[in-house]
Amino acid sequence: AVVSTQSTGGDKGRPRSKTARSPSSSNVKGQRSISRTESTESEPEPVENTLSWEVLTREQILELLGCSPCDALTKLCSTLAISNTHINLKNSIRADLYLLAVHFAQQHSFTDTAAGGLITILHHVIARILEDKSLPEIVFESSEL
């Protein structure tokens, strides 16, 4: 093998070989490019029913993000079947938590996807609280979403 001391980049002063790659290294490079294309082709297409749309649809989220707080509270109560908020303290608190999440999303210019994700996570946390789960259980179950 003939070795040249000229470098075209990278390591200066490190001798570069003028010989071609060995057949085995060329083959490995070819296999890598094949495996990359195979893994790209076998990836599933994105699914519309993701975490963000588990509780409310995209249209419902967009509608809530464009509402005033009073209108949003009414729509949340009807959509999520939260009734008797004027006499049932638990339902009133649930409705207020959802309204606060919507208001937070509005104030911080969340996208519809981010706002939907926030509502879904809040929904799961509230459901676990109503099941009398402990805080560590709630955190662990919520992290699996």
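Mentor: In this text a helix is a DSSP run of H or I with at least four residues, a strand is a run of E with at least two, and both are numbered from the N terminus. The model we are looking at is predicted.

Trainee: How many helices and strands does the protein have?

Mentor: There are six helices and two strands. Along the sequence the order is β-β-α-α-α-α-α-α.

Trainee: Where is N84, and what makes its phi worth a remark?

Mentor: N84 sits in the loop between α3 and α4. Its phi is near 55°, which is a positive value in a residue other than glycine.

Trainee: Why is N84 called partly exposed?

Mentor: Its relative accessibility is 41%. Buried needs a value under 20% and exposed a value over 50%, so N84, at 41%, counts as partly exposed.

Trainee: Is D132 buried or exposed, and how do you know?

Mentor: The relative accessible area of D132 is 71%. The cut-off for exposed is over 50%, so D132 is exposed. D132 belongs to the loop between α5 and α6 (135-143), and its phi, near 60°, is positive although the residue is not glycine.

Trainee: Which residues line the largest pocket?

Mentor: D132 is one of them; the others are K90, I93, R94, L97, I126, I129 and L130. The pocket holds about 180 Å³ of space. Two elements, α4 and α5, each give two or more residues to the lining, and the largest share, four residues, is from α4.

Trainee: What classes of residue make up that lining?

Mentor: Five lining residues are nonpolar, three are charged and none is polar. Lys, Arg and Asp count as charged, and K90, R94 and D132 are in the lining.

Trainee: What makes F104 and F110 an edge-to-face pair?

Mentor: A pair of aromatic rings is described by the distance of the centres and the angle of the planes. The centres of the F104 and F110 rings are 5.6 Å apart, which is within the 6.5 Å limit, so the rings pair. Their planes stand at 85°, and over 60 degrees counts as edge-to-face, so that is the name for this pair. A search of the whole structure finds one aromatic pair.

Trainee: Why are both of its residues called partly exposed?

Mentor: F104 has a relative accessibility of 40%, and F110 has a relative accessible area of 28%.

Trainee: Which residues touch the most other members of the largest nonpolar core?

Mentor: Those are L56, L76, Y98 and I119, in a core of 20 residues. The elements giving two or more residues to this core are α2 (58-65), α3 (69-79), α4 (89-107) and α5 (112-130). The most, six residues, come from α4.

Trainee: What does Y98 contact, apart from its neighbours within four places in sequence?

Mentor: Y98 is in contact with L76, L80, I82, I119, L122, H123 and I126.

Trainee: How do you know that L122 is buried?

Mentor: The relative accessible area of L122 is 18%, which is under 20%, so L122 is buried. L122 lies in helix α5. Beyond four places in sequence, L122 touches L97, Y98 and A101. Between L122 and Y98 there are 24 residues in sequence and 7.5 Å in space, C-alpha to C-alpha.

Trainee: Is R128 buried or exposed, and how do you know?

Mentor: R128 has 18% relative accessibility, and the limit for buried is under 20%, so R128 counts as buried. R128 is part of helix α5. Setting aside residues up to four places away in sequence, R128 touches K133, I138 and E141.

Trainee: How many of the residues in the protein count as buried?

Mentor: Of its 145 residues, 23% do. As for contacts with a separation of 6 or more, 47% join residues 24 or more positions apart.

Key. Residues numbered from 1 in each chain as written. Predicted model: local features only at pLDDT ≥ 70, side-chain atom pairs only at ≥ 80, totals over all residues. Heavy atoms only, no water. Core = buried A, V, L, I, M, F, W, Y, C linked by side-chain atoms within 4.5 Å. Buried < 20%, exposed > 50% of the residue type's maximum accessible area, 1.4 Å probe, protein only. Contact = heavy atoms within 4.5 Å. 1 Å grid on protein atoms, 1.4 Å probe; cavity = no way out; pocket = protein on both sides within 12 Å on 5 of 7 lines; lining within 4 Å. Points joined across faces, edges and corners; volume = space filled by probe spheres on them. Phe/Tyr/Trp six-rings, centres within 6.5 Å; stacked < 30°, edge-to-face > 60°.
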